[in-house]
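Hi everyone, thanks for making time this morning.

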Amino acid sequence: MKRAMITGWGRCMPEPTVTNDDLASVIDTSDEWIATRSGIRQRRVSHVDNSDMAAVASRHALAAAGLEATDLDYILVATCTPDRFIPAMACHLQAKLGAVNAAATDTNAGCTGFIYGLNLAAGLIATGSARRILLLGSERLTPYLDLNNRDTAVLFGDGSGAVIIEASETDEGIQSINVGSDGNLAGALTIEGAGSSWMDIPSPVQVVMDGREVFRNAVVGMVAAADKALADAGWSIDDVDLLIPHQANIRIIDATTKRLGIDPDKVYTNIDAYGNTSAATIPIALSEAIDKGRLKPGAKLVLVAFGAGLTWGATAIQWGQRVEPKSTSDAALPPSERTGIEIMVDRQRARYG
Ligand SMILES: CC(C)(COP(=O)(O)OP(=O)(O)OC[C@H]1O[C@@H](n2cnc3c(N)ncnc32)[C@H](O)[C@@H]1OP(=O)(O)O)[C@@H](O)C(=O)NCCC(=O)NCCS
């Protein structure tokens, strides 16, 4: 069976930026509290649809792989914040890209969505059902944040990351991948007020989270998933050149790093700049790490995540020799007329008066 490998990568971070001090001007919080409890210093707020960000990230990924949109035979979007429930966001994205030869669908595993997406993509490649897959982790979470709820309003941001998955001609690519879920812990992290359960009960839409419960399970779940990915690949932790964990909280990342026994210099973090962009954190971080020269040719890479569900997953990837894009794209979002905090405050007023 063919292994799946990542041959293109790209990201789109919307320009409007909200600092902790911006939030502290409208919420009872402080830069000090947010930075020490979570590691977050700022986040991006999208002024466009999730699928608009996804289209920009996708164009960069296609260029990096040297492909045209018409070469794609499958588009899979990992998201919990699609433009609409129907149709799948992947269909909007397909139209924006002109990817007329692709099947298109979404998958939702909360913040673990990108690892779940990789797992599905690897299966499509292995069975020969698809040959060139566009996979995204893409989220526009800030519309779901309630500025009256400081527990969650300070943690999340918007952004999009894309990869191209193709069949490997060698033994390089995904060496192992595992995903899991415990639905008994579903209540630990939910979006309330949106979905068919809520149609008879008008209710504000908001993220509801038991932060401590999520924190505890996150560390245990990520360590177990990464250990399994390593064991299944026949690697030890010392073999790993770069670990990209889901970016939810720097203290979760630090605790996971310590328990795994990996050198912190090998762990990529960017949570300070973007906050938690759910399924998008890993593909955004991957594309950024490659651009910054943090991923070397032939590197052994581990990706690990956890999220709503509660879900978890990890993969061990033997990277090839190419860490340069085959080509580049100048795709970019239009400028925003409002600042990030203006977007958030206007939205809050529209929703709550
Ligand atoms: C949410 C999280 C940062 C809270 O950190 P914590 O150290 O557990 O903080 P606590 O929940 O103990 O709250 C401590 C105090 O800070 C207060 N607080 C909460 N949010 C605050 C904010 N934004 N600013 C200031 N104070 C805040 C609380 O009200 C509480 O006050 P109290 O002690 O007077 O009751 C942390 O639990 C976390 O990151 N959990 C995981 C969340 C996550 O990763 N979710 C995404 C999963 S994909």
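Let's start with Ala 4. Leaving aside residues up to four places away in sequence, Ala 4 touches Ala 121, Ala 122, Ile 125, Ile 165, Ala 167, Ser 168, Gly 173 and Ile 174; a contact here means that the two C-beta atoms, placed from the backbone, lie within 7 Å.

Two words on the background. This is a predicted model, where local features need pLDDT of at least 70 and side-chain atom pairs count only at pLDDT 80 or more, while totals for chains, interfaces and linings use all residues. Residues are numbered from 1 along each chain as its sequence is written.

Is Ala 4 buried or exposed? Ala 4 counts as buried because it has 26 C-beta neighbours inside 10 Å. The cut-offs are 20 or more other C-beta atoms within 10 Å for buried, 12 or fewer for exposed, and partly exposed in between, again with C-beta atoms placed from the backbone. Ala 4 is also separated by 8.2 Å, C-alpha to C-alpha, from Glu 172, which is 168 residues apart from it along the chain.

Ala 4 sits in strand β1, residues 4-12. Helices (H or I, at least four residues) and strands (E, at least two) are DSSP runs, numbered from the N terminus. Across from Ala 4 stands Ala 167 in β7, and β1 and β7 pair in the antiparallel sense over eight bridges; pairing requires that DSSP finds at least two bridges between the strands.

On to β7 itself, residues 158-167. Nine of its 10 residues are buried, so the strand is largely enclosed by the rest of the structure. β7 is also joined to β6 (residues 132-140) by nine bridges, and these two run antiparallel. There, Glu 139 stands opposite Gly 159 in β7.

Now helix α5, residues 113-127. How many of its 15 residues are buried? The count is 11, so α5 is largely enclosed by the rest of the structure. Among those buried are Ala 121, Ala 122 and Ile 125, and each of these three is also touched by Ala 4. After α5 comes Gly 128, with a positive phi near 80°.

Next, the ligand. Around it are 21 residues, and Thr 29, Cys 111, Arg 150, Gly 211 and Ala 248 come nearest; near means a C-beta atom, placed from the backbone, within 6 Å. Helix α7 (211-233) is among the elements that supply at least two residues of this shell, and its five residues are the largest share.

Finally, the whole chain. It has 11 helices and 13 strands, and buried residues make up 52% of its 353 residues. A compact globule with 353 residues would have a radius of gyration near 20 Å, and the chain has 19 Å, which agrees. That radius is taken over C-alpha atoms, and the globule rule is 2.2 Å times the number of residues to the power 0.38. Among contacts between residues at least 6 apart in sequence, 80% join residues at least 24 apart.
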